[in-house]
Amino acid sequence: MSHSSPSLSFFALPPHIIPTDVLLPPQSPLFATVHHAEEANPNATTAPTSTAESVKSFIAGGFGGVAAVLVGHPFDLTKTRLQTASPGTYTGAIDVVKKTLARDGPTGLYRGVVPPLLGVTPIFAMSFWALIFAATPNRASKELSIPELATAGFLSAVPTTLVTAPVERAKVLLQASVQGQGQGGRQYSGVFDVVKHLYKEGGIRSVFRGSAATVARDGPGSAAYFAAYEITKKFLTPAGSSPSDLNLSAIILAGGTAGIAMWSIAIPPDVLKSRIQSAPTGTYSGFMDCARKTIAVDGVKALWKGFGPAMARAFPANAATFLGVEMSRRLMDQYF
């Protein structure tokens with residue numbers, strides 16, 4: 001099976017950091033491997049090729065995920081600081097960027113980038129297999145309906161929380177610590193300092209604080225993401241053509257649109273997640289307590305803090321994802 005841009009396994013960016021919709025298009029090698037295994041000749045020479053293509057798609061997804069993190073992290077840092085800062089600290093997203101650059105220089109925009117980079121591979125792997133499990137049991141049709149895609153997206157976000165929650169916890173504390181918001185204003189020297197302190201403070205429970213909020217964000221967000229992505233692809237597909245014939249720019253447009261759809265419903269739980277994970281121990285008793293206190297003190301509008309940076313992140317992060325996937329696939333196809 002040869003590789004070309006139009007038939008590229010399509011990666012995009014759901015809320016739990018890493019692109020996973022390589023599993024969804026019927027033309028993808030993985031889809032063919034999973035859905036047509038019962039039709040395949042075990043002695044056919046194409047079987048190893050399908051396996052090799054699936055492995056390449058998996059590795060390329062990792063490269064795409066790293067590219068997305070590197071491009072999207074300044075937007076994410078801006079979002080998190082808006083969500084966790086005390087009222088009046090910043091006038092808006094641009095003010096966050098200006099003050100960060102003035103205090104820390106360009107590298108300050110990448111504070112907290114190590115946890116998501118470390119989490120790329122395990123989160124992607126867990127989401128990869130969870131989505132297979134959710135999308136393919138005893139299927140009679142090779143195509144997933146929109147509700148099935150949404151359900152698979154939701155379910156794929158659940159097991160990834162085992163990795164996403166502690167990664168997000170460390171990332172948020174590193175991003176917020178400069179402005180004195182994390183764990184009583186504590187400053188952290190790096191990701192290992194964060195983990196060591198959290199474990200010493202409250203054991204595993206402290207490391208995984210915010211897990212419920214992470215699921216509340218990633219489950220519905222992923223469902224909206226996958227559904228919007230597929231709907232947009234179908235809308236952009238000319239009559240008589242297949243979504244697999246869409247060019248890279250159309251796929252990026254679909255991915256960016258999906259990202260916007262996802263963050264449109266994921267921002268409120270994301271705000272609560274950031275506050276739960278960055279607040280000193282004992283500030284909130286749980287997800288609903290954080291919601292009540294946030295609304296009581298800052299109003300309902302506080303649940304939408306960081307919406308602008310999240311929207312701005314959608315398209316450049318997706319473009320970076322596809323560029324990372326494309327370049328890594330071409331390199332692997334050239335040598336393997």
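**A helix pair and its surroundings**

Tutor: The protein has 10 helices and 0 strands, and this is a predicted model. Along the sequence the elements follow the pattern α-α-α-α-α-α-α-α-α-α. Of the 336 residues in the protein, 52% are buried, and among the contacts with a separation of 6 or more, 77% join residues 24 or more positions apart.

The part to look at closely is the pair α8 and α10. Helix α8 covers residues 248-278 and helix α10 covers residues 307-335, and the two pack with their axes 8 Å apart at an angle of about 150 degrees. An angle over 145 degrees counts as roughly antiparallel, and α8 and α10 are therefore roughly antiparallel to each other. The crossing of these two helices is right-handed.

When you turn to the residues that meet, you will find that α8 contributes Leu248, Ile251, Ile252, Leu253, Gly255, Gly256, Thr257, Gly259, Ile260, Trp263, Ser264 and Ile267. On the side of α10, the residues in this contact are Phe307, Ala310, Met311, Arg313, Ala314, Phe315, Asn318, Ala319 and Phe322. Sorted by class, the contact of α8 with α10 has 14 nonpolar, 6 polar and 1 charged residues.

A search of the whole structure finds 3 aromatic pairs. In one of them, the rings of Tyr225 and Phe226 have centres 5.8 Å apart and planes at 80 degrees, so this pair is edge-to-face. Tyr225 is buried, with a relative accessible area of 0%, and Phe226 is likewise buried, with a relative accessible area of 0%. The pair that involves Phe307 joins its ring to that of Trp304, with centres 6.0 Å apart and planes at 75 degrees, so it too is edge-to-face. Here Trp304 counts as partly exposed, at 40% relative accessibility, and Phe307 is partly exposed as well, with a relative accessible area of 31%.

Helix α5, residues 146-177, and helix α6, residues 191-207, have axes that come within 10 Å and cross at roughly 125 degrees. That angle makes α5 oblique to α6, whereas α8 and α10 are roughly antiparallel. The crossing of α5 with α6 is right-handed, and the contact is made by Ala165, Pro166, Arg169, Ala170, Leu173 and Leu174 of α5 together with Val191, Val194, Leu198, Glu201, Ser206 and Val207 of α6. By class, the residues of this contact divide into 9 nonpolar, 1 polar and 2 charged.

Thr78 is found in helix α2, which covers residues 46-84, and Thr78 is buried, with a relative accessible area of 5%. Leaving aside residues up to four places away in sequence, Thr78 touches Ala93, Val96, Val97 and Pro309.

Note on methods
Residues numbered from 1 in each chain as written. Predicted model: local features only at pLDDT ≥ 70, side-chain atom pairs only at ≥ 80, totals over all residues. Heavy atoms only, no water. Axes fitted to C-alpha atoms, helices over the stretch in contact; angles between N-to-C directions. Helix = DSSP H or I, 4+ residues; strand = E, 2+ residues; numbered from the N terminus. Parallel < 35°, antiparallel > 145°, perpendicular 65-115°, else oblique. Left-handed = near helix turned anticlockwise from the far one by under 90°. Contact = heavy atoms within 4.5 Å. Nonpolar A, V, L, I, M, F, W, Y, C, P; charged D, E, K, R; others polar. Phe/Tyr/Trp six-rings, centres within 6.5 Å; stacked < 30°, edge-to-face > 60°. Buried < 20%, exposed > 50% of the residue type's maximum accessible area, 1.4 Å probe, protein only.
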